[in-house]
Amino acid sequence: MKFTLDWLKEHLDTTASAEEVGKALTMIGLEVEEIVDPAEKLRPFVVAHVAEAKPHPNSDHLNVCKVDAGTGTLIDVVCGAPNARTGMKSVFAAPGTYIPGKDFTLKAGVVIRGEKSDGMLCSAAELELSNDHEGIIELPADAPIGVPYVEYAKLGGAVIDISITPNRGDATGVYGVARDLAAFGLGTLKATDMSPVPSKGPSPIPALPHNFSAGEPKAIRKFAGRVFKGIKNGPSPDWLQQRLRAVGLRPINAVVDITNLVSLGWGRPLHAYDADKIVGQAVLRNARSGEEFDALDNKVYRLDETMTVIADDLGPLCLGGIMGGIRSGVTDGTVNVLMECASWDPDLIAQSGRKTGIVSDARYRLERSVDPALTEPGLELATRLVLDVCGGTPMQPVISGEDVFPGTVIDFPLSEVERLTGLRSTPDEIEAILSRLGFRLDGAGNRRRVSVPSWRPDITMKADLAEEVMRMVGVDNVPVEPLPRLANVAPRILTTLQNRRRISRRVLAARGLDEAVTWSFIHADEAVRFGGGAPELKLANPIASELTDMRPSLLPGLLGAVQRNANRGFPDLRLFEVGQVFLSVDPDGQRTYASGLRLGGTRHWQGAGKVSVFDAKADLAALLDAMGHDIDKLQLVAEPAAWSHPGRGGRVQLGPKLTIGWFGEVHPSLLRTYDLTGPVAAFELDLDVIPEPRRKPTRSKPALKLSDLMPLSRDFAFVVDRDVAAATIIKAARGADKALITGVEVFDLFEGKGVGDGRKSVAIAVTLQPTERTLTDEEIDKVSAAVVAAVSKATGGTLRG
């Protein structure tokens, strides 16, 4: 949120500089993003007189102007603004001036379509004063030529931009910021007159009825409205326009500018309707499904039955708490105005804002909670401003609905401040701080009953009050106590899961995969496809309509990332993610997975290779190996995950019940859903359930022992039933002699004539590594016979002749 130092000092009696204010704001938790003085970058711009403007001889939309900038000579300027004309006053930039809105520096002697141009007449957008770029700035006829524009327009004064956290709706107005600074001791808060203004008669518009059914979502809580008759609308006073321009808002007309002033100044959004454009009885109701709303941003939005609107006989006039409509908008010709000041449910406002995608100043404030006690006083404040600026006759306010006041009272032991923050403050100091912040305290001794003010609904517990005291004392005053020095070697700092996260990232990155970080929320349809979608895992307040469920798997996010990259011409991808998945609401239902996938293959003159299930299995094996587990010693089951191709996937498990990982090629139906052409190989590993590897008696590695003797290999071909897994053959062969056999690999598979129906021939190469002496023929034959016997026993197969 932006505000000027001068604006702040209208609410805070202080002599502090912008730098001092900025330091104090950061100290109390209202982080300063930036402090800028717009006068510095605009100082080269001067007031100028357009002595002559005539059409460019070589263009139908340019003008050649003679400009008097107070230098004593007329300057040639080529200008494309439609409002450039003889006799007007505007803002001139000489060559060498930096134009902030365009991010370039003017050059001298520029020739534009054959005509020389030695400067520039500027729009408000080019000076970053507003978004108005339709024409150059027009100044009054009495504006003094050659005077710096910042002096003439009184643009001096620092602009402070602060970051507001979602719980601090009270700080979305300058008055709320001033209240915090006053409590911090930077000055004295000035009161604002919000007393009732006498009415001149009954309201011509009755109180707006709340037309909601039982159980229907109702965003509106209380509606306060007032009709003004016979106002004189038009441009707002210079002081008001300058105030809005300083914080980046474009002045529109007096009535609208007043609503913006109250919204920014007191954090109290308002909306004004042209009362003569309201047809029939205005009511508060929810929109009808598919109902359309033509908003002030010149866009048409489709509404649904969860969104509250102010409507008349012709349809919605305003999307409640978010944005008004064009049909009832206030213009310079408006004579009768209905001014609205309403209280809203912040959660429902946020929900409607996300569904429509509208980001407005009103939504920004209302979804952070606005002080409900300001509903009617805010209307009275607006009344005073309208009467001062526009005149008119104020009619009797119309009120409907009831506001919601939390009325929180907290039993607060004062010792909590020291216990939670380390700050040693006396009871009198704590009580003084909380009182300055608007809290009411009752009691004596070491305990107080603290009544929370209406503008701080985020304060609900003892820790919140301790934090408020800490903010006002200053975060930099929190004592820093070093950790005690340990007398022995420090224990392992990282937990097992933290280590596994770190190891997973390093291993997968080393294998050529790129890390991705995706949303923890996914679409409901994706959640169902990957085994989720339970009602208890749906978000009560999703950040977007397509992100409604907690993810049961990391693969939906990775597949979505692959889809986006593939659509942009990057079809060969290797991605991984290490993150949390949500299987249930139970304590052990939140797991940490390491998942990855590979898409595409290599393009090479010798031939293109595509990824397969074995790539996913290799990635999973590498992960397990880094964590102390050999995949060959674990149980591999040919039962794929629900997301996998039925014949091209499997899982790794410990015993019959504990599954620790899955691998396979993604099911073709899923690939069609993501508009991908496969194959896509993927894996998932549950890092929470992997058991710790057996610890060896010493942490040091044993000496590396390499045999000086040459290894030898023997080939065996076994005829087995077609459904016998190759892994069964390999495991049996390895177990025939664990001392000598160091490797077993499948090198051939044959099915067909000579083998028999329902049978296959699997050929394996068995590597023997002697360690002490060269093996004799008898010893080799003995190991070979043991291999044949072991495989025959395990598979029922026979050695192929």
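Residues are numbered from 1 along each chain as its sequence is written, and side-chain values use heavy atoms, with hydrogens and water left out. As the model is predicted, local features need pLDDT of at least 70 and side-chain atom pairs count only at pLDDT 80 or more, while totals for chains, interfaces and linings use all residues. Helices (H or I, at least four residues) and strands (E, at least two) are DSSP runs, numbered from the N terminus.

- An open sheet of five strands has the order 15-18-21-22-23, and its pairing is mixed; two strands pair if DSSP finds at least two bridges between them.
- Strand 15 and strand 23 (323-324) are the edge strands, each with a single partner strand, so one side of each has no neighbour in the sheet.
- Strand 15 (residues 210-211) runs parallel to strand 18 and is joined to it by two bridges.
- Asn211 stands opposite Arg285 of strand 18.
- Strand 18 and strand 21 (residues 308-312) run antiparallel, joined by four bridges.
- Within strand 21, Ile310 is the bridge partner of Leu284, and Thr308 is that of Asn286.
- In a regular strand the side chains alternate between the two faces of the sheet.
- In strand 18 (residues 283-286), Val283 and Arg285 point one way, Leu284 and Asn286 point the other way, and all are buried. Buried means under 20% relative accessible area, exposed means over 50%, and partly exposed lies in between (1.4 Å probe, protein chains only).

- Seven strands form an open sheet with mixed pairing, in the order 30-33-34-40-39-38-37.
- Asp514 is opposite Leu575 in strand 33.

**Aromatic pairs**

- A search of the whole structure finds three aromatic pairs. Rings of Phe, Tyr and Trp (its six-membered ring) pair if their centres lie within 6.5 Å; planes under 30 degrees apart count as stacked, over 60 as edge-to-face and the rest as tilted.
- Tyr593 and Trp662 form a tilted pair, 6.2 Å centre to centre with 40° between the planes.
- This pair links distant parts of the chain, with Tyr593 in strand 34 (residues 590-599) and Trp662 in strand 39 (residues 658-666), 69 residues apart.
- Both Tyr593 and Trp662 are buried.
- Phe716 and Phe718 have ring centres 6.3 Å apart and planes at 15°, so this pair is stacked.
- Phe716 and Phe718 are both buried.

**Charges over rings**

- The charged end of Arg179 sits over the ring of Trp455, 4.1 Å from its centre. The criterion is NZ of Lys or CZ of Arg within 6 Å of the ring centre and within 35 degrees of the ring normal.
- The charged end of Arg368 sits over the ring of Tyr364, 4.0 Å from its centre.

**Cavity**

- The whole structure holds one cavity of 30 Å³ or more. On a 1 Å grid over the protein atoms alone, a cavity is a set of points where a 1.4 Å probe fits but cannot get out, and lining residues have an atom within 4 Å of a point.
- The largest cavity contains about 30 Å³ of space; grid points are joined across faces, edges and corners, and the volume is the space filled by probe spheres set on the points.
- Its lining consists of Arg714, Phe716, Val766, Leu768, Val783, Ser784 and Val787.
- Strand 41 (712-721), strand 43 (759-768) and helix 20 (777-795) each supply at least two residues of this lining.
- Helix 20 gives the largest share, three residues.
- Five lining residues are nonpolar, one is polar and one is charged. Ala, Val, Leu, Ile, Met, Phe, Trp, Tyr, Cys and Pro count as nonpolar, Asp, Glu, Lys and Arg as charged, and the others, Gly among them, as polar.

**Single residues**

- Arg113, in the loop between strand 10 (110-112) and strand 11 (115-117), has phi near 55°, a positive value in a residue other than glycine.
- Arg113 is partly exposed, at 48% relative accessible area.
- Asp675, in the loop between helix 18 (668-673) and strand 40 (680-686), also has a positive phi near 55°.
- Asp675 counts as exposed, at 58% relative accessibility.
- Asp721 belongs to strand 41 and is partly exposed, with a relative accessible area of 35%.
- Asp721 and Pro82 are 639 residues apart in sequence and 87 Å apart in space, C-alpha to C-alpha.

Terms used
On a 1 Å grid over the protein atoms alone, a cavity is a set of points where a 1.4 Å probe fits but cannot get out, and a pocket is an open set with protein on both sides within 12 Å along at least five of seven lines; lining residues have an atom within 4 Å of a point.
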